[in-house]
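Here are a few notes to read alongside the model, written for someone meeting it for the first time. Please keep the 3D view open as you go through the points.

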Amino acid sequence: MAEEVKKKTDALGRLETVDCGKPLAEAVWDMEDVAGCFEYYAGLAEQLDARQYEKVPLPHADFSGELVYEPAGVVGAIVPWNYPALMALWKIAPALAAGCTMVLKPSELTPLSALQLAQIAADVGLPAGVLNVVNGLGGEAGAALVAHPDVAKVAFTGSVPTGRGIMKAAAEDIKNVALELGGKSPAIVFDAPVLERTCEWIMFGCFWTNGQICSATSRLLVHEDLADRLVAKLVEMTANLVVGDPLDKTSNVGPLVSKAQQQKVLAYIAGAVEEGATVAGRASPDTVDAHERGFYVHPTVLTGVKPHMRVWREEIFGPVLSVMTFRTEEEAVTLANDSEFGLAGAVFTTDPAQLKRVTRKLRAGIVWNNCSQPCFVQLPWGGFKKSGTGRELGPFGLNSYLEPKQITTYIADKNFGWYI
């Protein structure tokens with residue numbers, strides 16, 4: 001399947017862009033990651049054979065201990081619209097490697113690449129019924145999938161309200177549930193000796209995927225001594241981003257996934273201004289509201305933001321960066337952790353001790369040091385608090401689709417000696 005994705009990377013990338021609006025270069029990158037995800041878990045599947053009947057040392061010589069790993073069973077997977085193919089692969093690849101079968105429900109807004117993955121599965125000879133794609137609305141197809149008695153595990157990526165509903169429904173049959181939910185991640189900047197480099201990472205952390213990413217470091221905390229210089233450079237660089245047709249190679253930012261999402265994000269910006277925040281800058285400012293079609297929101301930098309404002313506390317899922325300043329490390333960590341989410345965070349500093357110290361203090365499942373958003377299939381993905389339960393990717397991703405079974409054998413040639 002990895003090889004077939006590689007052969008069709010450009011076509012699949014174009015399809016993804018047409019479906020969800022992300023710039024073509026980002027969609028092609030996603031497809032390269034899709035192929036890489038297949039390859040990684042194919043390797044772990046081979047290693048899994050060697051783990052079967054793994055010996056476990058026991059403290060009693062009369063017994064031997066072994067472990068076998070069995071597939072969890074039928075998996076119901078529900079994925080969002082921001083990474084239609086890649087989020088599907090984060091579930092498909094480890095589930096198949098574990099020996100599970102899967103019923104995948106893609107978002108009703110972006111169903112095309114999931115259907116292509118199903119076609120690829122059929123083309124390479126995956127047995128019928130192993131990977132199944134069912135389209136439909138979340139409240140109908142998704143709810144039925146979660147409630148089905150034959151589904152042993154539910155894997156969901158999406159919003160907190162939907163995740164909460166899935167958890168409640170799955171509790172009826174005590175299903176295994178993995179939830180990757182929302183985020184409102186901080187980026188803390190203590191110093192920036194190369195201002196342009198730091199600003200690029202800040203922009204990438206919030207504006208990549210048109211800002212529609214659960215791990216977006218959309219809360220920017222800057223030391224007060226650096227704030228004026230950094231924000232000025234950030235506004236200058238943001239203004240140079242090209243907002244336009246996502247199929248145009250010159251575009252850095254494309255349209256959001258739907259009219260409803262566009263209206264939601266624009267309402268957050270307007271609400272922030274009403275609460276006292278300032279729009280310090282926007283991408284391609286001369287073309288704001290000038291697009292003939294498309295659900296565009298130009299990447300926006302907000303200053304004068306306060307901790308009580310909705311743009312600071314709620315997940316926006318759009319290219320909106322909220323900026324606050326701090327004086328001390330303790331204050332920065334307190335502001336960063338003051339969130340119901342705990343998916344990710346970024347720390348920028350040239351002080352190695354501070355980097356390690358602050359990284360350990362952040363209540364988040366992912367922390368980037370002097371960067372933001374790089375993601376590797378070899379490392380676990382998931383968060384604390386309302387950002388979800390469990391981990392995807394890495395060996396953790398495979399293990400989440402396995403049920404370990406212990407086998408204990410009495411090997412002594414004598415009576416046990418308890419009753420006789």
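**Notes on a predicted model**

1. Let's begin with Asn 210, which has a relative accessibility of 0% and therefore counts as buried. Please bear in mind that this is a predicted model. To find Asn 210, look in the loop that runs between α8 (195-207) and β9 (219-223). Its side chain reaches the backbone oxygen of Pro 255, at 3.0 Å.

2. The backbone of Asn 210 deserves a look as well. Most residues other than glycine have a negative phi. Asn 210 has a positive one, near 60 degrees. Ser 284 also has a positive phi, with a value near 40 degrees.

3. Where does Ser 284 lie? You will find Ser 284 in the loop between β10 (278-282) and β11. Is Ser 284 buried or exposed? Its relative accessible area is 13%, and the limit for buried is under 20%, so Ser 284 is buried.

4. Leu 302 counts as buried because its relative accessibility is 0%. Ala 280 is 22 residues away from Leu 302 in sequence, yet the two are 5.6 Å apart in space, C-alpha to C-alpha.

5. Sorted by class, the lining of the largest pocket has 18 nonpolar residues, 12 polar and 8 charged.

6. Next, the aromatic rings. How many aromatic pairs does the count come to? The count comes to 13 aromatic pairs. One of these is formed by Tyr 40 and Tyr 41, with 4.9 Å from centre to centre and 85 degrees between the planes, which makes the pair edge-to-face. Both partners can be checked for burial: Tyr 40 counts as buried at 19% relative accessibility, and Tyr 41 is buried with a relative accessible area of 1%. The value for Tyr 40 still falls on the buried side because the cut-off is under 20%.

7. Rings can also link up into a group. Trp 29, Tyr 83, Trp 201, Phe 204 and Trp 208 are joined by ring pairs into a cluster.

8. Which residue lies over the face of Tyr 401? That residue is Lys 153, at 5.1 Å from the ring centre.

Methods. Residues are numbered from 1 along each chain as its sequence is written. This is a predicted model: local features need pLDDT of at least 70, side-chain atom pairs count only at pLDDT 80 or more; totals for chains, interfaces and linings use all residues. Side-chain values use heavy atoms; hydrogens and water are left out. Rings of Phe, Tyr and Trp (its six-membered ring) pair if their centres lie within 6.5 Å; planes under 30 degrees apart count as stacked, over 60 as edge-to-face and the rest as tilted. Buried means under 20% relative accessible area, exposed over 50%, partly exposed in between (1.4 Å probe, protein chains only). A charge sits over a ring if NZ of Lys or CZ of Arg is within 6 Å of the ring centre and within 35 degrees of the ring normal. Ala, Val, Leu, Ile, Met, Phe, Trp, Tyr, Cys and Pro count as nonpolar, Asp, Glu, Lys and Arg as charged, and the others, Gly among them, as polar. Helices (H or I, at least four residues) and strands (E, at least two) are DSSP runs, numbered from the N terminus. A polar contact is a pair of N or O atoms within 3.5 Å; within protein, one must be able to donate a hydrogen and the other to accept it, and residues adjacent in sequence count only if both atoms are side-chain atoms.
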